[in-house]
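Colleague: Could you walk me through the ligand site in this model?

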Amino acid sequence: AKIVVLISGSGSNLQALIDASTGENPTLKGDICRVISSSDSAFGLERAKKAGIPTTIHTLKSYNAGIPKASKKKRKRARDQFDADLAKLVINENPDLVVCAGWMLILSLAFLNPISKANIPIINLHPALPGTFEGTHAIERSWEAGQKGEITKGGCMIHYVIEAVDLGEPIVVKEIPIIKDETVEAWEERIHNLEHIAIVEGAQAALDATKNTETEEKSNVEEVP
Ligand code: GRF
């Protein structure tokens, strides 16, 4: 099975996917065929290169170049073009799965529509429990809520990507308890360790689900007498 991974940063979750899909008896039955980064300085690019995985740099700033922040319409058009071209890059790989691993941009319908037409599932890592702390800085926000006693547990989840940010159907959910007076660094460390397990389980579960639907479709086809 072929996997395209989208990153924006350090790529520790990409590294977890690389480690799980290589070596003697890989736990992830898939090959990462391309890593696409929204940043030209993401350390994840180094990780991909070391693993011999082709990389593509696809930055929004290159689409916005020369467009003043104030011209909202032109920026929206540039954003749609960025997403449409991203979909082309992905579809070109003909993957079985797209994994957003620390991808920091909202994926609009300009991306989601062509990908769903191509029948390619997309999953995303959200470092909080379903329906909580959508958007950015989820780890810091859940830490604050925990230390204020507003929540008693936190965690992370892998979910299918839909238009609503971080609100697609969860595939894997991992929970950890809040620890009173824990530093935000220690909390972040515990969340990242959880992410690295969840992302591999989530990718395998999504691949298994596609395999199941394929077999279902095959079995549904009437045998021509
Ligand atoms: C995750 O917590 C993700 O939600 C956030 O940064 C972490 C991913 O880091 N964007 P990495 O790039 O996989 O190391």
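Modeller: A polar side-chain atom of serine 12 lies 2.6 Å from an oxygen atom of the ligand, which counts as a polar contact (a pair of N or O atoms within 3.5 Å). This is a predicted model, in which local features need pLDDT of at least 70 and side-chain atom pairs count only at pLDDT 80 or more, while totals for chains, interfaces and linings use all residues. Residues are numbered from 1 along each chain as its sequence is written, and side-chain values use heavy atoms, with hydrogens and water left out.

Colleague: How far is the side chain of asparagine 13 from a ligand oxygen, and what about glutamate 195?

Modeller: An N or O atom in the side chain of asparagine 13 is 2.8 Å from a ligand oxygen, and for a polar side-chain atom of glutamate 195 the distance to an oxygen atom of the ligand is 2.5 Å.

Colleague: How much of the ligand does the protein bury?

Modeller: The protein buries 85% of the 360 Å² that the ligand exposes when taken alone, with accessible areas from the Shrake-Rupley method and a 1.4 Å probe.

Colleague: Which elements give two or more residues to the shell?

Modeller: Those are helix H1 (12-21) and helix H7 (184-220), helices being DSSP runs of H or I with at least four residues.

Colleague: Changing topic, what does UniProt list for residues 2-201?

Modeller: The unreviewed UniProt entry lists "domain: Formyl transferase N-terminal" there, an annotation that may be inferred rather than shown by experiment. Over residues 2-201 the chain is 41% helix and 20% strand, strands being DSSP runs of E with at least two residues, and the end C-alpha atoms are 16 Å apart.

Notes: A polar contact is a pair of N or O atoms within 3.5 Å; within protein, one must be able to donate a hydrogen and the other to accept it, and residues adjacent in sequence count only if both atoms are side-chain atoms.
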